[in-house]
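Open the model in your viewer and keep the selection panel at hand. This tour says what to pick next and what is there.

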Amino acid sequence: MQDFVERLNYQLGLPLPGIEAQYEMAPVNRQKIFEDKIDLLSYKQSAVLILLYKNQVNKWQLPLIKRVNSGGVHGGQISLPGGSFDTSDVTLEQTAIRETFEEIGARDFNVIGNLTELYIPVSRFKVQPFVAVSHIPNPVFNISKYEVEHLIELPIEQLLENEIKKEGIIKSSDSNQTKAPYFAVKGYTVWGATAMILNELRTVLYSTY
């Protein structure tokens, strides 16, 4: 366990794959967004957490959530635990930790680094992804029924398989359709910002797993 964590910690300290890796999984009509080309003040700060842990057969995986469809832009979608920055958080890392606990009840983990921030034009969020490792194997999650419909466990070995990447017509929460690459995970379609973040993680993991 420690060897993998040490290698991953090292890789996260190197220059990240960045937007090039992210945009491999972007919808085909999505334009690249650079900090010097947008009004940064119009984007809301937020954070998500990639929580790595070992399951009962000693394999690494991470939790995704299917959000309750409350009518918002991202309602009903598959995402990583996370949410908006609150002034009580002080830092975005604390936002990711707080939201992860509120949504899936996870605790006893250590944040070891972060990936590249990502701008989401449709909801005007600037998302900072963090990477954490659980202190305990096979943690028990307690999901919030108000925010999470259910939890999906994604094995790292599956994320690294070529077969997980697909492309098709995706129907968004506003009933619009768009052509996009996606990850096929246990019968679910993981696309958009979540797929873009996971693809950068995937690129990092190729050097560590």
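Contact here means heavy atoms within 4.5 Å. This is a predicted model: local features need pLDDT of at least 70, side-chain atom pairs count only at pLDDT 80 or more, and totals for chains, interfaces and linings use all residues. Residues are numbered from 1 along each chain as its sequence is written, and side-chain values use heavy atoms, with hydrogens and water left out.

Select Leu-198. Leaving aside residues up to four places away in sequence, Leu-198 touches Leu-62, Leu-64, Leu-80, Leu-154, Leu-159, Phe-183 and Val-190.

Now widen to the largest nonpolar core, which has 40 residues. Such a core is a set of buried Ala, Val, Leu, Ile, Met, Phe, Trp, Tyr and Cys residues joined through side-chain atoms within 4.5 Å; buried means under 20% relative accessible area (1.4 Å probe, protein chains only). Among the residues with the most contacts inside this core are Leu-8, Ile-50, Phe-183 and Leu-198. Helix α5 (residues 192–205) gives the most to this core, 8 residues. Helices (H or I, at least four residues) and strands (E, at least two) are DSSP runs, numbered from the N terminus.

Next, pick the open sheet of 3 strands, ordered β9-β10-β11 with antiparallel pairing. Two strands pair if DSSP finds at least two bridges between them. β9 (165–171) and β11 (188–190) stand at the edges with a single partner strand each, so one side of each lacks a neighbour in the sheet.

Zoom in on β9 and β10 (residues 177–185): 7 bridges join them. Lys-165 stands opposite Phe-183 in β10.

Terms used
Buried < 20%, exposed > 50% of the residue type's maximum accessible area, 1.4 Å probe, protein only.
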